[in-house]
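Colleague: I am new to this one. Please put it on screen, and I will ask as we go.

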Amino acid sequence: MFSIINKYIIASISKGIVLSSSVFLALLVLIGFIQQMNAVGKGTYTIGGALFYTLLNIPSSLYDTFPVSGVVGVMIGLGALAASSELVIIQTVGTSRLKIAWITTLTLILWLIPLSIIGEYIVPPAKTMAESYRSAKISKDIGIGVNTG
């Protein structure tokens, strides 16, 4: 099904996607954690709670940034092949630009399937848990419900 060249292109693009996703995710986690520092000290919300809240938002950040990190990852992966003239060699062997584009699209689809599953089944409960945790910790001293006897 996949030739050695196809697997090589897929691996190169996948490495670029992992690299770009890691960089974007690291930046978003850092920014999210810094934003949570404003709420530390309210109620029983601590630095550990802010870190927990930020970690629960990682799947959402990964899902939200994939369109950008996917494009950047493709550019990194194909750019790495082009920088070492491997892309030229692949074309010389007989792989057309259309086939390289098809392999690139296939690679993005292979990455999109698990990310769609994450977006549908992991992100909503994680965001709900994060928000309820944060609001429960911040409003610890405020009564929300009515006690009936």
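Colleague: Which helix gives the most to the nonpolar patch?

Modeller: The model is predicted, so local features need pLDDT of at least 70 and side-chain atom pairs pLDDT 80 or more, while totals for chains, interfaces and linings use all residues. Numbering runs from 1 along each chain as its sequence is written, and side-chain values use heavy atoms, without hydrogens or water. Helices here are DSSP runs of H or I, at least four residues, numbered from the N terminus. With four residues in the patch, the top contributor is helix α1, residues 4–36.

Colleague: What area does the nonpolar surface patch have?

Modeller: Patch members have over 30% relative accessible area and no salt bridge, with nonpolar side chains (Val, Leu, Ile, Met, Phe, Trp, Tyr) joined within 5 Å and like charges within 9 Å. A salt bridge puts a side-chain nitrogen of Lys or Arg within 4 Å of a carboxyl oxygen of Asp or Glu. Areas are Shrake-Rupley, with a 1.4 Å probe and, for residues, only the protein chains shown as cover. Leu19, Val23, Leu27, Ile31 and Ile76 make this patch, at about 420 Å².

Colleague: Is Ile31 buried or exposed, or in between?

Modeller: Ile31 sits in helix α1. Buried is under 20% relative accessible area, exposed is over 50%, and partly exposed is in between (1.4 Å probe, protein chains only). Ile31 has 47%, so the class is partly exposed.

Colleague: What volume does the largest pocket have?

Modeller: A pocket is an open set of points on a 1 Å grid over the protein atoms alone, where a 1.4 Å probe fits, with protein on both sides within 12 Å along at least five of seven lines; lining residues have an atom within 4 Å of a point. Points join across faces, edges and corners, and the volume is the space filled by probe spheres set on them. The lining includes Ile31, Gln36, Tyr53 and Thr54. The volume is about 180 Å³.

Colleague: Which helix supplies the largest share of that lining?

Modeller: α1, α2 (47–56) and α3 (58–83) each bring at least two residues. With six residues, the largest share comes from α1.

Colleague: Why does Gln36 count as buried?

Modeller: Gln36 belongs to helix α1. Beyond four places in sequence, Gln36 touches Tyr45, Ala50, Tyr53, Thr54 and Arg134 (heavy atoms within 4.5 Å). Gln36 counts as buried because its relative accessible area is 8%.

Colleague: Which residues does Ser12 contact, leaving aside neighbours within four places in sequence?

Modeller: Ser12 is also in helix α1. It is buried, at 13% relative accessibility. Its contacts are Gly77 and Leu81.

Colleague: How far apart in space are Leu62 and Lys140?

Modeller: Leu62 lies in helix α3 and is partly exposed at 23%. Outside four places in sequence, Leu62 contacts Ser21, Leu25 and Leu115. Lys140 is 78 residues away in sequence, and the C-alpha to C-alpha distance is 30 Å.

Colleague: What is phi of Ser85 near?

Modeller: Ser85 is in the loop between α3 and α4 (86–93). Its relative accessible area is 39%, so it is partly exposed. Phi is positive in this residue other than glycine, near 60°.

Colleague: How far apart in space are Arg97 and Leu87?

Modeller: Arg97 is in helix α5, residues 97–138. It is exposed, at 66% relative accessibility. Leu87 is ten residues from Arg97 in sequence, and C-alpha to C-alpha they are apart by 9.7 Å.
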